[in-house]
Amino acid sequence: MQTKSELRVKLKAVRANIEGRADKQAKIISALEELTAHFNKLFVFVSMGSEPDTAAFIRKAFMSGKTVAVPYVADGVMTPMLYTGGELKPDRMGNILRTSLYDGQLDCAVVPMLGFNDGLYRIGYGGGYYDRFLKNGIYSIGVAFDECRCAFVPQPHDVPLDAIVTPCGVLRRGE
């Protein structure tokens, strides 16, 4: 079995070469909107590179009156920052500038991933930011392309997600 480091390299290439991306992206966002409809305070990653694009989802949630927080990473810590509208162009760490700290309770976290396994564990970029953030027990949803499903053994610090949205549907823990 490949290590997570080896899988990261492979999965970046797989994700960069997804065929039918626009159609698959639309299916992911539609399912994500349905899955998060009853949540009012969302934490949503801002897409970078070949990740499924969350910009339209973030804007639509914000315009519908939901509280939307986005991640801000500095000094090894990820902090929720309140999205107040405007551009969603992340810096190299995925941060959106001109946001303010959000210190309220959040209902749900939508997180990025390079890959995932059948136990709903994710492979991220290796910094551990999301695993540390998810340890608080917030309902967590990953978004990915089906082609990024792979086999790996989770590490003790890995936190399983509650659901994963792919173009083919929603996977839920325990189902």
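In what order do the eight strands of the open sheet stand, and what kind of pairing do they show?

**View 1. The open sheet of the predicted model.** In this predicted model, the eight strands follow the order β4-β3-β2-β1-β5-β8-β9-β10, with mixed pairing. The edges are taken by β4 (100-101) and β10 (169-172), each of which has a single partner strand, so that one side of each is left without a neighbour in the sheet.

**View 2. The pairing of β2 with β3.** Strand β3, which covers residues 77-82, pairs with β2 in the antiparallel sense, and six bridges connect the two. Within this view, tyrosine 72 is placed opposite threonine 79 of β3.

View 3. When residues up to four places away in sequence are not counted, leucine 32 touches Phe57, Val110, Ile141, Val143 and Val165.

**View 4. The largest pocket and its lining.** The volume of the largest pocket is about 480 Å³, and 26 residues line this pocket, those closest to its centre being Arg122, Tyr125, Gly127, Tyr129 and Tyr130. By class, the lining consists of 12 nonpolar, seven polar and seven charged residues. At least two lining residues come from each of α1 (4-16), β2 (67-74), β7 (122-123) and α4 (129-134), and α4 provides the largest share, with three residues.

Note on methods: Residues numbered from 1 in each chain as written. Predicted model: local features only at pLDDT ≥ 70, side-chain atom pairs only at ≥ 80, totals over all residues. Heavy atoms only, no water. Contact = heavy atoms within 4.5 Å. 1 Å grid on protein atoms, 1.4 Å probe; cavity = no way out; pocket = protein on both sides within 12 Å on 5 of 7 lines; lining within 4 Å. Points joined across faces, edges and corners; volume = space filled by probe spheres on them. Helix = DSSP H or I, 4+ residues; strand = E, 2+ residues; numbered from the N terminus. Nonpolar A, V, L, I, M, F, W, Y, C, P; charged D, E, K, R; others polar. Pairing = 2+ DSSP bridges.
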